[in-house]
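Please keep the structure in view while reading.

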Amino acid sequence: TDVGRLVERVLAREGRAHEDVLARLVAEGAPVVAEADEEMLERAIENLVRNAFEAADRGGGHVEVELRRGTDGVEVLIQDDGPGLGPDHPGEIQPFYSTRPGGLGLGLPLARKILLLHGGSLRLEPREPRGISVLVFLPDGNPEA
């Protein structure tokens, strides 16, 4: 699966829906993973990128997605300059927790589940002075069964 093309598609869709947000893609090398369910993986990345766009859209901000080829997989770093994690954030990804009015709180848990099924991981970190960094790791091959 060409993760670079997958991210480009997602950024194009979300960019059309959030025209006030400036988005940038930075890619190092050819970010490809050997085996993945591309539709599921796209849904996971889409949930994460959509969250970044929606957070950044609150202030006409920025979203940056960086793709890096590691020794044993691909890293996708999604950053926004939105309001960041609130003081009442539980610190871990939990279903039904949302900071958005009307949000269901299922986007992050679903993304994490899809990434775990691919043997990958998902980590949230606050950014300074504001915003969130989401680090996704996808291994090269099939996860250990």
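The buried residues of α3 (107–117) are covered by elements that include α2 (38–57), β4 (121–126) and β5 (132–139). Those buried residues are P109, A111, I114 and L115; buried means under 20% relative accessible area with a 1.4 Å probe, protein chains only. Helices (H or I, at least four residues) and strands (E, at least two) are DSSP runs, numbered from the N terminus. The model is predicted: local features need pLDDT of at least 70 and side-chain atom pairs pLDDT 80 or more, while totals for chains, interfaces and linings use all residues. Residues are numbered from 1 along each chain as its sequence is written, and side-chain values use heavy atoms, with hydrogens and water left out.

Two packed helices are described by the angle between their axes and the distance between the axes.

| Helix pair | Axis distance | Axis angle |
|---|---|---|
| α2 and α3 | within 9 Å | roughly 145° |

Contact means heavy atoms within 4.5 Å. On the α2 side, M40, L41, R43, A44, N47, L48 and N51 meet G107, L108, L110, A111, I114, L115 and L117 of α3. By class, this contact has 10 nonpolar, three polar and one charged residues, with Gly counted as polar and Arg as charged.

E42 also lies in α2. E42 counts as buried because its relative accessible area is 14%. Leaving aside residues up to four places away in sequence, E42 touches L6, R9, V10 and R13.

Just after α3, G119 adopts a positive phi of about 80°.

Note on methods
Buried means under 20% relative accessible area, exposed over 50%, partly exposed in between (1.4 Å probe, protein chains only). Axes are lines fitted to C-alpha atoms, for helices over the stretch in contact, and angles run from 0 to 180 degrees between N-to-C directions.
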